[in-house]
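Have the viewer open and follow along.

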Amino acid sequence: MVTAPPPPASASPTWCVLGREAGGRTRLLVLDGDGRSLGTEEVAADGLPALVARREEEHAPRWVWSDAAAWYPRLLAAGVRLERCHDLRLIHRILCHSELVEDASSLRAATEWETPLDPHEPVRDQGAALFELDAAAPRSGAVPSETEETWAEFTRQRAAIDGAHDPARLRLLVAAESAGALIAAELQAAGIPWDVAEHDRILTVALGPRPSPGTPPSKMVAAGAEVRAALGDPLVPLESPPKLLRALHRAGIDVPSTSQWELQQHEHPAIEPLLRYKKMSRLLTANGWTWLDEWVHEGRYRPVYVPGGVVTGRWASSGGGALQIPRQLRPALRADPGWRLISADVSQLEPRVLAAMSADAAMIAAGAGKDLYSGIVEARIVQTRQEAKIGVLGALYGGTTGDSGRVVPRLRRNFPAAMALVDGAAATGERGGTVTTWLGRSSPAPGEDWTRAQRTANQPDVAAGQQEAARRSARERGRFTRNFVVQGTAAEWALSWMAALRLQLARFEEVPESAAAAASGPVFSLRAHLAFFLHDEVIVHAPAEQAEAAATAIRDSADAAGRLLFPGSAIDFPLDLGISERSAEK
DNA sequence: ACGAAGGGCGCG
DNA sequence: AAAGCGCGCCCTTCGT
């Protein structure tokens, strides 16, 4: 262990920077609040969890590392949980593009921080890759150590944030994004408690008993036979859209594609069994027995979450389709014996975020304490809740046709500030400009092809078709930027919500080991903990006696997130919350 | 032969 | 119902 000269008495450790060094050793760099070094330590890989645990207990620093995804799972496996971190790779992406950052040139030059982590690649190999990349292209002679590279990037990021147009907002974003990185790792480690027998029961009811491998389930075979009989075509392959489409045409069903909603427009004996077949086929291939075998072990489904995986800042997932679990399978989410699932989703998160961002008093009032869509009906802006929903979604997504095209102008009259915000974002996007979320995540610049097409279309004597294509792609980009500001800010709200919730739950008392010993799955935590996240919804897995407290924490955290992002705003974020042994069917 | 692209559909 | 945004994953077909 190497120790620097003793620090001045006033300095308190604030940051702990981790980096890997030669021989599989890890170096820890302790910094004070101004970024001055207070000392270093070095340990072999197997000593890291103990070292980190000791520092966390002593002064709960903010851990600075290349990625939570690379470091945290091993610590979690050793039972070490951390409060806060700074995820350099995730923050690098944000800062490089944020309009709030005055000068991102030095960050952009540090290209080794650009590469997104492959969520499936073994962590060890990826760490080595970062190191070797530097070794292959050394600056001015000596190869810097990974710890020094990490510190250097951290210094660049701090400078970018401190010099930003609105550092306070950017700091919130950095904290929320980094907390998300911790949460994603914890969610994967915890897993979703999954009832394999219930899942199998649902599959059996829908498809028939599990068939032998390579054989379709009985109910699919039967439905397929009905379709082929009704089409008078005993061989048509139902899984091949082009061939199925031709068979439908031959049978006199004039559809432009084989999608469900096109088929539903038509009356024909083949339609009903075909729709039934498609439903079954989807369930079988996406979440059938094969999925169960592959993804659920020891009563836990462990999806791979990818924080910041979507340009807007939403999470993505990789493998297992964590964010697309069909509602049909929700009953398979089941708490351990003696435990409960507390499911909570935010009602109309995106419209509420828009109302708050734009400080649109009428829209905020429409949502106050209740269903926003009903509030719009009560304000006599539209006749029905359905109309309100279609109109609001049209406003967020840029709908211009059909019902949404008819309702949006009414919203524009009644919610002028909210509509001006999204209309402005759309106009900026159509011009090729950049838009930015509430906390400072900016949309990507348009591609070269897009810009060239727009330039070309503006010149005289350009073919009408080319002009129309350019206008269409301009409108498409406008719809993207229109939605970006709202979807991205909603993602920031949701991260803030979870970050606050996670810290509250971490302060819950542990329950006696015996209560958890009865659990059907491996124990992640002896207290209430997050088990699932889906854009505007969380599920907490909690000992029964902590369920009410967890529900309160979920609500309090939602309020806290609202105040954090929109201080002084009257906006509220009501939750739809339920406590049960199974995740409620909606 | 193999990866990219596209249809289709699940989620918010 | 989709429409209008953002995804991931399965399957087949297309292109090299």
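Let's begin with Asp-34, which is exposed at a relative accessible area of 56%. This is a predicted model. The salt-bridge partner of Asp-34 is Arg-36, with 3.4 Å between the closest N and O atoms. Arg-36 itself is partly exposed, at 48% relative accessible area.

In total, the count comes to 35 salt bridges. Three of them are set out here.

| Salt bridge | N to O distance |
|---|---|
| Arg-36 and Asp-34 | 3.4 Å |
| Asp-195 and Arg-334 | 3.2 Å |
| Arg-385 and Asp-371 | 2.7 Å |

Take the pair of Asp-195 and Arg-334, whose side chains meet in a salt bridge. The two residues are 139 apart and link distant parts of the chain: Asp-195 sits in the loop between β6 (192–193) and α8 (196–207), and Arg-334 in the loop between β10 (316–317) and β11 (339–346). Asp-195 counts as buried because its relative accessibility is 8%, under the 20% cut-off. Arg-334, at 29%, is partly exposed.

Next come Arg-385 and Asp-371, a salt bridge of 2.7 Å. This pair also links distant parts of the chain, 14 residues apart, with Arg-385 in helix α17 (residues 385–397) and Asp-371 in the loop between α15 (361–367) and α16 (372–378). Arg-385 is partly exposed, with a relative accessible area of 37%. Elsewhere, Glu-41, Arg-54, Arg-55 and Glu-58 are joined into one network by salt bridges that share partners.

Finally, look at Thr-258, in the loop between α10 (241–250) and α11 (260–263). At 11% relative accessibility, Thr-258 is buried. Beyond its neighbours within four places in sequence, its contacts include Leu-244, Leu-248 and Lys-278.

Note on methods: Residues are numbered from 1 along each chain as its sequence is written. Chains are lettered from A and ligands numbered from 1 in the order in which they are written. This is a predicted model: local features need pLDDT of at least 70, side-chain atom pairs count only at pLDDT 80 or more; totals for chains, interfaces and linings use all residues. Side-chain values use heavy atoms; hydrogens and water are left out. Helices (H or I, at least four residues) and strands (E, at least two) are DSSP runs, numbered from the N terminus. Buried means under 20% relative accessible area, exposed over 50%, partly exposed in between (1.4 Å probe, protein chains only). Contact means heavy atoms within 4.5 Å. A salt bridge is a side-chain nitrogen of Lys or Arg within 4 Å of a carboxyl oxygen of Asp or Glu.
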